[in-house]
Amino acid sequence: MKHNRKHKVKHEKDSEAHRIFRESAGHASRGLPQTVNPDEETVPGILHPGSTGVIYCSDRAMANGFSYTSVHEWANLGQGAPEVGQIPDAPQKPQAIPMPIESLEYAPTTGVKALREAVAKLYNLTYRQGKVSQYTYENVCIVPGGRSGLSRVAAVIGDVYTSYQVPDYTAYDQVLGAFKRLVPVPTTLEEDDGYRFNLSQVRKDIRTQGLQVIMASNPRNPTGQVIRDQELNDLVALARDTTTTLILDEFYSWYIYPEKEEDFGKSISSAEFIDDVNSDPVVIVDGLTKNWRLPGWRICWVMGPRNLITALSQSGSFLDGGANHPLQLAAIPLLDPARVKLEKLSLQRHFKHKRDHVLARLKEMELEVKVPPRATFYIWLDLGGLPAPINNGLTFFEELLKEKTIVIPGIFFDINPAHRRNLFNSPCHHFVRLSFGPPLEDLDKGLDAIARVVKAARKEGGPQHFGHSYKKSIDSPTALHRFV
Ligand SMILES: Cc1ncc(COP(=O)(O)O)c(C=O)c1O
């Protein structure tokens with residue numbers, strides 16, 4: 001990775017963008033006990049866990065004038081959700097939700113049986129045809145959203161070493177930090193290695209470090225890489241052979257971009273490689289949020305051995321109490337295999353077009369994406385070749401806010417539950433994540449803004465106009481002038 005050697009900024013305290021981040025509630029450095037922020041922690045016994053990166057970014061955007069009424073003036077390439085409107089050839093979204101009287105009661109904490117059955121049937125049909133061991137409703141737990149599913153799982157992990165990789169989905173930071181029994185063990189994925197999950201290293205770590213749980217998103221947010229085919233088979237076999245629990249967050253399982261026409265409509269899941277659904281230690285998390293493009297429904301599922309589901313029923317009984325009952329009933333027809341087939345096809349064609357469009361425009365700007373996404377709707381962009389100070393994610397982000405565009409700084413994908421390191425030392429510091437979840441017009445608006453910032457910074461004397469004069473809040477636009 002090229003870094004601009006002339007750039008003097010070596011520490012967070014020398015950068016305005018980093019100081020704003022550190023001053024925001026819950027994001028102060030927690031290296032030593034005396035660094036706990038006394039202004040922030042005033043309610044006895046209560047600590048701010050820190051919001052996930054996307055929330056920090058929308059708070060900063062609001063301080064710069066973003067609001068839900070001004071949303072059309074802004075380009076939100078930070079968005080971690082797919083566009084929810086009609087896309088070409090996709091089935092119509094439901095327009096109304098029935099509310100039969102029984103749906104006004106609590107649903108079971110494992111979910112409505114008919115929905116659990118529909119999930120099991122869809123996975124058997126898609127990934128397990130001809131296999132002896134088949135999923136039943138007892139292998140499915142319906143949860144109120146993916147994060148809720150991950151929290152239910154994290155809450156039942158005992159005192160064991162739990163492996164995760166950097167970079168990965170931002171919420172793992174809080175999930176791994178909040179549940180104190182498990183001991184998080186990081187591994188850094190390397191750009192030069194295409195962010196590949198190195199299975200022989202994992203095998204060694206299981207033996208030498210005693211890892212008992214491995215957690216990863218696959219396809220991976222934010223790198224857009226995917227473990228598939230033989231490699232995914234090997235990973236599942238590794239979990240089985242070494243009796244290591246594998247938690248695979250498969251939220252982007254349909255966001256796969258095939259090269260060949262005949263591969264459109266195929267999705268990817270570890271469910272294809274499991275031998276026995278009740279004894280292979282593989283936990284799958286997925287749901288309506290991304291694949292069905294229904295993030296607001298909060299209807300998702302965790303699949304795994306029967307004995308995992310009974311444990312999740314227990315953690316759900318105190319964590320969230322179960323998913324919304326009427327929407328669980330309304331979700332059942334959406335899992336109809338014929339409908340799913342159309343959804344997948346339309347989604348893959350539409351999002352592949354958007355991916356290729358964004359990559360082509362970044363190339364025109366000479367912003368090279370070294371490891372282009374093969375899946376998801378994210379681009380992990382290395383800013384190392386840009387002039388300082390916009391060659392780090394937080395500063396690039398603040399400059400784009402001035403242009404009414406939101407991106408997500410890479411540091412949020414540096415899962416670092418102890419919050420110990422100087423942000424400048426993070427392997428994700430020189431990256432941003434761009435989302436091509438939004439509609440094409442919004443993507444172009446954001447790309448125009450990126451082109452303006454990059455062009456201005458590359459001009460003779462350009463860099464000195466960057467790295468300062470950020471609005472701290474919409475009410476006190478001059479609050480940061482002391483930093484200038
Ligand atoms: C990898 C991954 N898992 C889970 C989720 C969250 O799903 P939900 O919004 O249903 O909580 C996301 C959302 O960004 C994600 O990227």
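User: Which domains is the protein divided into?

Analyst: Domain 1 covers 16–80 + 377–465, and domain 2 covers 103–342; such bounds come from an automatic or database domain assignment. Keep in mind that this is a predicted model, where local features need pLDDT of at least 70, side-chain atom pairs count only at pLDDT 80 or more, and totals for chains, interfaces and linings use all residues. Residues are numbered from 1 along each chain as its sequence is written.

User: Thanks! How many residues of domain 1 are in contact with domain 2?

Analyst: 20 residues of domain 1 are in contact with 21 residues of domain 2, where contact means that the C-beta atoms, placed from the backbone, lie within 7 Å. The centres of the two domains, taken over C-alpha atoms, are separated by 28 Å.

User: And which element gives the most to the side of domain 1 that touches domain 2?

Analyst: That's β9, with 4 residues. Both β9 and α2 (53–63) supply at least two residues there. Helices (H or I, at least four residues) and strands (E, at least two) are DSSP runs, numbered from the N terminus. By class, this side of domain 1 has 12 nonpolar, 5 polar and 3 charged residues. For those classes, Ala, Val, Leu, Ile, Met, Phe, Trp, Tyr, Cys and Pro count as nonpolar, Asp, Glu, Lys and Arg as charged, and the others, Gly among them, as polar.

User: Let's stay with β9. What sheet is β9 in?

Analyst: An open sheet of 3 strands in the order β9-β12-β11, with antiparallel pairing; two strands pair if DSSP finds at least two bridges between them. The edge strands, each pairing on one side only, are β9 (378–382) and β11 (408–409). β9 and β12 (residues 431–435) are paired over 5 bridges, and Trp380 stands opposite Arg433 in β12.

User: Nice. Which helix lies across β11 and β12?

Analyst: Helix α11 (residues 393–402), which runs at about 45 degrees to β12. Axes here are lines fitted to C-alpha atoms, for helices over the stretch in contact, and angles run from 0 to 180 degrees between N-to-C directions.

User: At what angle do α1 and α11 pack?

Analyst: Helix α1 (residues 16–23) packs with α11 at about 90 degrees, and their axes are 8 Å apart. That makes the two helices roughly perpendicular, as angles of 65 to 115 degrees count as such, while under 35 is roughly parallel, over 145 roughly antiparallel and the rest oblique. Ala17, His18 and Phe21 of α1 make the contact with Leu394, Thr395 and Glu398 of α11.

User: Last one: which peptide bonds are cis?

Analyst: Two to look at are Val166 to Pro167, with omega near 5 degrees, and Asn221 to Pro222, with omega near 15 degrees. Pro167 sits in the loop between β3 (161–166) and α5 (171–178), and Pro222 in the loop between β5 (213–217) and α7. Tyr195 also deserves a look: phi is near 55 degrees, a positive value in a residue other than glycine. Most residues other than glycine have a negative phi, and most peptide bonds are trans.

Technical notes:
Contact = placed C-beta atoms within 7 Å.
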